[in-house]
Amino acid sequence: MKVSHWLTAGVLTVAMATPGLSLAQDAGDDWDLVQDPSQNLTMAVLAFDGGQAVAVRCVAPTFEVILTGLPPRTGSTVALEIGFDDEDLRDTHWWTSEVPGLYVAVHPGLLARRLREGGDLNVVVAAEGEEARRRYVMSLVPSGAAIDATLAACGLPRDDTRASGDSWVRPDSRDTLTWDSRPTPTFPDRAIGRSNWGHVFLSCVALPTGRVEQCQIDSERPENLGFGEAALASARRARVVPYTPTTDEEAAQGQILRFSVAFRLR
């Protein structure tokens, strides 16, 4: 899949999800960098001949990784199989959007830092109804500056300082950790009368002792109704079953734990 000039249908689709965006300069061999101070926007983007595009976007303070030009799927979230180069595919979860075929990663920081390295991004969209399973391969150039600029615009560090090494290549925490005491948040007062549901994706550090710390909100829907804050408060009181670390670094730093919290007002 060949990279196109960035003013293509794929990037224009990303622009559709950014009200008031004024499309801007070409950044050369790096990913294309779009900056619009009036929108608090910084975005690194690559577009491809087939109409697909990959974008890392900060509309401060919200940080996102976006895939677009894919087959539309129903529901509030969709599972996409993702892998780089020859590695095994893994299940990842994405928010759907009002733009058909545009998906937003639920854990954007992890993915953005891996996208920065470049390589062949393999994306598989599962079959749904009469729509067949589809596979895409997008050859990404490394990003020497554009993705870092987007992270910085949202106040995020170049690397996740909570644990050293490449978090992308580690086993998924869902396969290696078990809850001892799950997060049990209270439905936020701010959301009552405005939404009867909420969904929050978080990441924390789980220590070998079972303690959970350094939690952060990776994404939430709906936004600005208090769901993220409520989930974050409950995550700090949660614990995992103590585990035996496999390396000295893991013994000292723990594992990155990624999970979600759902709210429903009955």
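**Around helix α5**

Modeller: E223 sits in the loop that joins β12 (212-221) to α5 (227-235). Helices (H or I, at least four residues) and strands (E, at least two) are DSSP runs, numbered from the N terminus. This is a predicted model, where local features need pLDDT of at least 70 and side-chain atom pairs count only at pLDDT 80 or more, while totals for chains, interfaces and linings use all residues. Residues are numbered from 1 along each chain as its sequence is written, and side-chain values use heavy atoms, with hydrogens and water left out.

Biologist: Is E223 buried, exposed or partly exposed, and what is its relative accessibility?

Modeller: Buried means under 20% relative accessible area, exposed over 50%, and partly exposed in between (1.4 Å probe, protein chains only). E223 has 37% relative accessibility, so it counts as partly exposed.

Biologist: How many residues of α5 are buried?

Modeller: A general point on helices comes before the case. An α-helix has 3.6 residues a turn, so residues three or four places apart point the same way. In α5, seven of the nine residues are buried, and the helix is mostly covered. Among the buried ones are F227, A231 and A235.

Biologist: What covers the buried residues of α5?

Modeller: The cover includes β11 (197-206), β12 and β14 (255-264), where contact means heavy atoms within 4.5 Å.

Biologist: How are aromatic rings described as a pair?

Modeller: Two numbers are used: the distance of the centres and the angle of the planes. Rings of Phe, Tyr and Trp (its six-membered ring) pair if their centres lie within 6.5 Å; planes under 30 degrees apart count as stacked, over 60 as edge-to-face and the rest as tilted. The whole structure holds five aromatic pairs. One of them is F187 with F227, edge-to-face at 5.3 Å centre to centre and 85° between the planes. F187 belongs to the loop between β10 (179-181) and β11, and F227 to helix α5, so this pair ties together parts 40 residues apart in sequence.

Biologist: What geometry does F187 have with F263?

Modeller: The ring centres of F187 and F263 are 6.3 Å apart and the planes are at 80°, so this pair is edge-to-face. F263 is in strand β14, 76 residues from F187.

Biologist: Which residues form a cluster through ring pairs?

Modeller: F187, F227 and F263 do. F187 is buried at 14% relative accessible area, and F263 is buried at 6%.
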